[in-house]
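User: I'd like to learn how to read a few features of a protein model, pockets and strands among them. Can you walk me through one?

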Amino acid sequence: MVVSIASYHFKEREGNKGSFEQTNPGLGLEHVINDMWRIGAGTYRSSIRTDASYVGAMYLPLQYANWRLGLAMGVVSGYETNLSPLIVPTLMVEGKKFGANILFVPPVQKTDGGGLGFQIKLKLD
């Protein structure tokens with residue numbers, strides 16, 4: 001089980017669009033295929049205050065002890081368009097029962113400065 005918890009934005013939104021929401025609760029599932037691949041899907045409250053859903057895979061070729069580094073790839077809904085492609089660098093740490101994901105979301109427009117997404121994980125064995 002994956003619990004989306006928060007985000008941190010490198011800069012605030014410009015213009016009259018209001019500030020980004022930094023608390024982003026949500027739930028999802030992540031399934032381990034092997035040491036380098038995970039698949040997952042979930043839903044969360046986005047930083048622009050809409051309900052968003054995602055589905056995709058994580059490729060994590062760089063590993064050191066319990067740490068993994070790679071890319072999350074897939075599609076996400078609930079933003080400016082119905083479905084948006086998603087390819088973001090991802091740092092993961094996994095213990096026997098708990099773990100965490102940190103996703104780096106690069107800027108996608110002039111008014112969006114990018115940021116980090118934070119998830120915690122609980123293994124449901």
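User: Let's start with the second largest pocket. Which strands each supply at least two residues of its lining?

Analyst: The general idea first: rolling a probe the size of a water molecule over the atoms shows where empty space is left. In this predicted model, the strands that each supply at least two lining residues of the second largest pocket are β2 (23-32), β7 and β8 (115-122). The largest share, three residues, comes from β2.

User: What volume does the second largest pocket have, and which residues are the closest to its centre?

Analyst: Its volume is about 230 Å³. There are 15 lining residues, and the closest to the centre are Met-1, Glu-30, Val-32, Leu-122 and Lys-123.

User: How do the residues of that lining divide into nonpolar, polar and charged?

Analyst: You get seven nonpolar, one polar and seven charged residues in the lining of the second largest pocket.

User: Okay, on to the strands. In what order do they close into a barrel?

Analyst: Strands of a sheet pair through backbone hydrogen bonds, either parallel or antiparallel. Here eight strands close up, with antiparallel pairing, in the order β1-β2-β3-β4-β5-β6-β7-β8. On average, neighbouring strands of this sheet are turned by 30 degrees against each other, ignoring direction.

User: Let's zoom in on β5. How many bridges join it to β4, and how many join it to β6?

Analyst: Strand β4 (residues 51-64) is joined to β5 by nine bridges, while 11 bridges link β5 (residues 67-77) with β6 (residues 83-94). Both pairs run antiparallel. For another contact to find on screen, take Trp-67, whose bridge partner in β6 is Val-93.

User: And the turns on either side of β5: which residues take a positive phi there?

Analyst: In the hairpin of β4 and β5, with two residues between the strands, Ala-65 takes a positive phi near 55 degrees. The hairpin of β5 and β6 has five residues between the strands, and there Gly-78 has a positive phi near 95 degrees.

Terms used: Residues numbered from 1 in each chain as written. Predicted model: local features only at pLDDT ≥ 70, side-chain atom pairs only at ≥ 80, totals over all residues. Heavy atoms only, no water. Pairing = 2+ DSSP bridges. Helix = DSSP H or I, 4+ residues; strand = E, 2+ residues; numbered from the N terminus. 1 Å grid on protein atoms, 1.4 Å probe; cavity = no way out; pocket = protein on both sides within 12 Å on 5 of 7 lines; lining within 4 Å. Points joined across faces, edges and corners; volume = space filled by probe spheres on them. Nonpolar A, V, L, I, M, F, W, Y, C, P; charged D, E, K, R; others polar. Axes fitted to C-alpha atoms, helices over the stretch in contact; angles between N-to-C directions.
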